[in-house]
Structures are given as structure tokens and as C-alpha cells.
Amino acid sequence: MDIRIETLESVESTNSYLSARAAKIDYPLMVVAREQTAGRGQRGNSWESEPGKNLTFSILVRLSDFPARKQFAISEAVALAIRDALAGFGLEAKVKWPNDIYVGDRKICGILIEHAIMGANLMYTIIGAGINVNQRVFRSPAPNPVSMSQILNRDVPLDELRDSVASRIGEALGNLSGESFRRSVHSEFCGSLWRGDGECHRFRDTASGECFDAAIASVDPEGPITLRRDDGKESTYFFKQVEFIL
């Protein structure tokens, strides 16, 4: 899948920009913003990004006859594509369920994916992401941001990273209609999980507020994560029902 690239000097949110124009876009399009004045993250959070220092973008794609119930495969494929792009610059990253990208215990990339659904299939998908690239100082209350330049101790060419990300996401999404490819993506995703080492880690049930220790037992191809506590009890959670404690 070839993805066209459009660059904007400033925009409130690349996801919102594409959403407002989706009806007129019938080809894969990546919009990159030098500055986002109201960048969005998960749970309605804002995304801190110093203008001209990071890679902030959204991609609109239309996957033909793609079942809505398989939408988590898109999240998996995109996360792995960004992980691989970072690896090309010498960074070893992991995927924090459901789709943040971590290096060590620090967040280097956030992903926000939104779908338009018609019937049983996806009508289109907007993939938004912010990769911390050359920003050295973070002032938001986010607990653990890190950038590529902080780790590598050098600046990274934004255009090289942009092209690598676009190419890898385009290749992954272009193959995602095949069931066997989706299975291989899911297997790789599960093998790339942050804190997926079989050891117990701290979690919080967002409904009850209970904090507990558990290991990641599995992730379902449709998204839910299953955690196994010390006593062997397993519980399955959907997105936003459980959170990692850093």
C-alpha cells in the first residue's frame, strides 16, 4: 500500500483534520504536522510535542471489506511497524498493551486509532501517532516520556523517520486482509509485549481501584488482555478496564 504524504505547518489535531475531510479522501494519506496545538492522546489526554522536534501524524486508510471485529489487528500491525522503524535507528522498543511504544520503562510513542464503521465492516480508519524524536525537555505531567535523541544522544532526521514509518505501515496494512498474515502479526505482537516476560507486575482495576500483582497470560486477537495472579486466578480485561502501574 502506497501512502501519500502531506505536510502541514500547524493544525489543532491531525486526526481531527483527516476526520473532517474523510469523505473526500479515497486514497491512503498521511498528514504530518510540524505543530499540533491540540494533539490528542488516549483517554482524552493531550499530547505534548515541541514544534518541529517530533513526528506527529495521522494516516487515513480504507481497507476493503475489513471486518470491524478484527480491528485490533490494525492496532497490532501499526504498533509493530513503528517498533520496526525505531529499530532501524538502533532502538529496541516494546509494545505496551494495547498500543503504546516503550523503550525500557519510558514511553516514546503514543498511538490513537479511530474507526468509522458501516454494517459489519470498517468504512475507514484514521491512525494517529506521536513519536518523541528530537525533544529533550518534557514539561507535561506525563510520568515517563523519552525521546529518540535523549537515548541516542543525537538528533534524528525527521524526514527519514517519516518515510520509514509510512513505508512500514503501508506494507503491513496492505497485507492485513489475509487471515494468515493477521495470525502472524498477532503472534509477533504477543512476543513483543512490554512486561510480557511472564513475571508479575503491578496493575490497577480502573473500576474498583484495586491494585494487584499479575503476569500477562495472553492477549486475544480481538484485543482483551488476560492477567494471571499469583494464586493462578485469571481475569480478562478490555481496554480502559485495567492499567499498568509504573
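This is a predicted model. Start by selecting Asp 100 and Lys 107. They form a salt bridge, with the closest N and O atoms 3.6 Å apart.

Is Asp 100 buried or exposed? Asp 100 has a relative accessibility of 11%, so it counts as buried, the cut-off being under 20%. Lys 96 counts as buried as well, at 14%.

Across the structure, the count comes to twelve salt bridges. Select Arg 83 and Glu 188 for another one. Their side chains meet at 2.4 Å, N to O. Arg 83 lies in helix α2, residues 72-87, and Glu 188 in helix α5, residues 179-191, so the pair ties together parts that are 105 residues apart in sequence.

Now colour the two partners by accessibility. Arg 83 is buried, with a relative accessible area of 14%. Glu 188 is partly exposed, at 36%. Arg 83, Asp 84 and Glu 188 are linked in a network of salt bridges.

**Aromatic pairs**

Stay with α2 and α5, but switch to rings. A search of the whole structure finds six aromatic pairs. Select Phe 72 and Phe 189. Their rings form an edge-to-face pair, 5.6 Å centre to centre, with 85° between the planes. This pair links distant parts of the chain: Phe 72 is in helix α2, Phe 189 is in helix α5, and 117 residues separate them.

Next, select Phe 203 and Phe 212. Here the pair is stacked: the centres are 6.0 Å apart and the planes make an angle of 20°. The angle is under 30 degrees, which is why the pair counts as stacked. Phe 203 is buried, at 1% relative accessible area. Phe 212 counts as buried, at 4%.

**Charges over rings**

Select Arg 4 and Tyr 27. Arg 4 lies over the face of Tyr 27, 3.8 Å from the ring centre. Then go to Arg 21 and Tyr 17. The charged end of Arg 21 sits over the ring of Tyr 17, at 3.8 Å from its centre.

**Gln 36 in strand β2**

Select Gln 36. This residue is in strand β2, residues 29-36. Gln 36 is buried, with a relative accessible area of 15%. Where does the side chain of Gln 36 reach? The side chain of Gln 36 reaches the backbone nitrogen of Thr 14, at 2.7 Å. Show the contacts beyond four places in sequence: Gln 36 is in contact with Val 11, Glu 12, Ser 13, Thr 14 and Thr 56.

Move to Leu 55, in strand β3, residues 55-61. Leu 55 is buried, with a relative accessible area of 2%. Leaving out residues up to four places away in sequence, Leu 55 touches several residues, among them Val 32, Ala 129, Ile 131, Leu 158, Leu 161, Arg 162 and Val 165.

Now select helix α4, residues 158-174. At 1.5 Å a residue, the 17 residues of α4 should span 24 Å, and the end C-alpha atoms are 24 Å apart, which agrees. Which residues of α4 are buried? They are Leu 161, Ser 164, Val 165, Ala 166, Ile 169, Gly 170, Ala 172 and Leu 173. As you turn the view, bear in mind that an α-helix has 3.6 residues a turn, so residues three or four places apart point the same way.

**Last stop**

Select Asn 175, in the loop between α4 and α5. Asn 175 counts as partly exposed, at 38% relative accessibility. The C-alpha atoms of Asn 175 and Met 1 are separated by 8.4 Å, although the two residues are 174 residues apart along the chain.

Terms used
Residues are numbered from 1 along each chain as its sequence is written. This is a predicted model: local features need pLDDT of at least 70, side-chain atom pairs count only at pLDDT 80 or more; totals for chains, interfaces and linings use all residues. Side-chain values use heavy atoms; hydrogens and water are left out. A salt bridge is a side-chain nitrogen of Lys or Arg within 4 Å of a carboxyl oxygen of Asp or Glu. Helices (H or I, at least four residues) and strands (E, at least two) are DSSP runs, numbered from the N terminus. Buried means under 20% relative accessible area, exposed over 50%, partly exposed in between (1.4 Å probe, protein chains only). A polar contact is a pair of N or O atoms within 3.5 Å; within protein, one must be able to donate a hydrogen and the other to accept it, and residues adjacent in sequence count only if both atoms are side-chain atoms. Contact means heavy atoms within 4.5 Å. Rings of Phe, Tyr and Trp (its six-membered ring) pair if their centres lie within 6.5 Å; planes under 30 degrees apart count as stacked, over 60 as edge-to-face and the rest as tilted. A charge sits over a ring if NZ of Lys or CZ of Arg is within 6 Å of the ring centre and within 35 degrees of the ring normal. The expected span of a helix is 1.5 Å times one less than its number of residues.
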